[in-house]
Amino acid sequence: MLEQVRIVLVNTSHTGNIGSAARAMKTMGLGELWLVDPVTLPDGQAVALAAGASDILARARTVPTLAEAVADCGLVIGTSARSRTWSWPMLDAREAGEKAMAEAPRHKVALVFGRERTGLSNEELQQCHFHVAIPANPEYSSLNLAMAVQTLSYEVRMAWLALEPVAPVEQEYPLAEDLERFYRHLEQTLLDTGFIIQPHPGQVMTKLRRLFNRARPESHELNILRGILTSVQKRLERQESE
């Protein structure tokens, strides 16, 4: 179950933080680390601060984009400490751990952590089904990257230890890459119908992403939506040929 949970670090600046995050993961039984466009690859400082978790660093996958890091995940939870223009379904750390373990029997789960200074961008957060905020002291909420990884890894482990009475979800959810294909299909269809105007797209897709991420359609429901979009496109093609 814990092998199903993936820690994703985005554009990390300091290799020491990568090592400390690996140590935090290993103490809680997590072992899958993905690095998205790190400023510097893990080095001697990372190994030193990993303090015995260098095996996690050795197995870490490095990819250029968040989309690639979560493509095969059915649940993506992004950490966010900042208020955003568009609200997103929120979890606290405990809820994030419980949801991760409830869905781990069905698919991979990604916990995504952003840059040390600025966190995740709005575009990156839009790729997440839920946002999680650690309710730290508002008068001093300075929580470094490794501390955040430790906190969420702990909640995942606690949820795993309490897993006996927790029934896994029965729904089959689409993977992140399937959702991205759906969003591209939806956007193209809205462009074809004129609902979105290319020079002035506005916030339509952002709002629709928020809507569907909140609703979390199951795989068969997503297939129905894709079928609807295809039927609209075919009708447009027939009208153009007449």
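Reply:

**Spaces and the helices around them**

The largest cavity has a volume of about 40 Å³. The structure is a predicted model, in which local features need pLDDT of at least 70 and side-chain atom pairs pLDDT 80 or more, while totals for chains, interfaces and linings use all residues. Residues are numbered from 1 along each chain as its sequence is written, and side-chain values use heavy atoms, with hydrogens and water left out.

A cavity is a set of points on a 1 Å grid over the protein atoms alone where a 1.4 Å probe fits but cannot get out; a pocket is an open set with protein on both sides within 12 Å along at least five of seven lines; lining residues have an atom within 4 Å of a point. Volume is the space filled by probe spheres set on the points, which are joined across faces, edges and corners. By this rule there is one cavity of 30 Å³ or more.

Its lining includes Gly 74, His 129, Tyr 173 and Pro 174, and also Leu 179, Phe 212, Asn 213, Arg 216 and Pro 217. By class, this lining has five nonpolar residues, three polar and one charged. Here nonpolar means Ala, Val, Leu, Ile, Met, Phe, Trp, Tyr, Cys and Pro, charged means Asp, Glu, Lys and Arg, and the others, Gly among them, are polar.

The largest pocket has a volume of about 620 Å³. It is lined by 24 residues, and Thr 79, Ser 80, Ala 81, Leu 143 and Ala 148 lie nearest its centre. Helix 7 (residues 145-161) supplies three residues, the largest share of this lining; helices (H or I, at least four residues) are DSSP runs numbered from the N terminus. The lining of the largest pocket divides into eleven nonpolar, eight polar and five charged residues.

The second largest pocket holds about 260 Å³ of space. Of its 17 lining residues, Ala 67, Gln 127, Ala 176, Glu 180 and Arg 209 are the closest to the centre. Two elements, helix 8 (176-193) and helix 9 (204-215), each give two or more residues to this lining, and helix 8 gives the most, with six. The classes here are eight nonpolar, four polar and five charged. This pocket lies between domain 1 (2-163) and domain 2 (176-241), because both give residues to its lining; the domain bounds come from an automatic or database domain assignment.

Next comes the packing of helix 8. Two packed helices are described by the angle between their axes and the distance between the axes. Axes are lines fitted to C-alpha atoms over the stretch in contact, and angles run from 0 to 180 degrees between N-to-C directions. Helix 8 and helix 9 pack at about 140°, with axes 11 Å apart. That makes helix 8 oblique to helix 9. Helix 8 and helix 10 (residues 219-241) pack at about 30°, with axes 10 Å apart. Helix 8 and helix 10 are therefore roughly parallel. Angles under 35 degrees count as roughly parallel, over 145 as roughly antiparallel, 65 to 115 as roughly perpendicular and the rest as oblique.

Helix 7, from the lining of the largest pocket, also has a partner. The axes of helix 1 (residues 15-27) and helix 7 come within 8 Å and cross at roughly 15°. That makes helix 1 roughly parallel to helix 7.
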